[in-house]
Amino acid sequence: MTAEQKLARLKTKADEAEAKVQNAKKRAAQLRARAEREEAKMRTRADARDAATFRSQEVQRRLLLADLVLSVAKSDRDLRVTVKSLLTEADLDDESRMLVQPILAELGVAFPAG
């Protein structure tokens, strides 16, 4: 094998090695991008789970509070009057209004419209 042939063979091998390196870099970039997308999906799912857990805990807390208010209101006539007036005069959002309506119904009060 002549020196020119050896040189040509070495250049060919170098070109092939460089092509392999470039392909490996492309593949690594693709895998990094995929990993980032998967990580973003996981964060989104975790955020959704956290939000659902918080909403569930908030609803449970409000229901327990409603039960407590109802039992306090039933235990004493003066407290019943106070609870009725506080609940009927309060400026409530729709969610709170839904929780208050059963309490007032138990106390025999129609919830005011509006």
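## Overall dimensions

The radius of gyration is taken here over C-alpha atoms, and the globule rule is 2.2 Å times the number of residues to the power 0.38. For a compact globule of 114 residues, that value would be near 13 Å. The chain in this predicted model has 35 Å instead.

Along the principal axes, the C-alpha atoms fill roughly 110 × 25 × 15 Å.

## Helices

The chain has 3 helices and 0 strands. Along the sequence the pattern reads α-α-α.

Of the contacts with a separation of 6 or more, 45% join residues 24 or more positions apart.

## Burial and core

Buried residues make up 11% of the 114 residues. In soluble globular proteins, nonpolar side chains tend to be buried together.

Here the largest nonpolar core holds 9 residues: A66, L70, A73, V83, L87, V100, I103, L104 and L107.

V83 is one of the core residues. Which residues does V83 contact, leaving aside its neighbours within four places in sequence? They are V69, A73 and L107. A73 and L107 also belong to the core.

## Surface and charge

The chain exposes about 9300 Å². Carbon and sulfur atoms supply 56% of that area.

There are 23 positive and 19 negative side chains. The centres of the two sets lie 12 Å apart.

Technical notes: Residues are numbered from 1 along each chain as its sequence is written. This is a predicted model: local features need pLDDT of at least 70, side-chain atom pairs count only at pLDDT 80 or more; totals for chains, interfaces and linings use all residues. Side-chain values use heavy atoms; hydrogens and water are left out. Helices (H or I, at least four residues) and strands (E, at least two) are DSSP runs, numbered from the N terminus. Buried means under 20% relative accessible area, exposed over 50%, partly exposed in between (1.4 Å probe, protein chains only). Contact means heavy atoms within 4.5 Å. Accessible areas come from the Shrake-Rupley method with a 1.4 Å probe; for residues, only the protein chains shown count as cover. Lys and Arg count as positive and Asp and Glu as negative; His and the chain ends are not counted. The place of a charge is taken as NZ of Lys, CZ of Arg, CG of Asp or CD of Glu. A nonpolar core is a set of buried Ala, Val, Leu, Ile, Met, Phe, Trp, Tyr and Cys residues joined through side-chain atoms within 4.5 Å.
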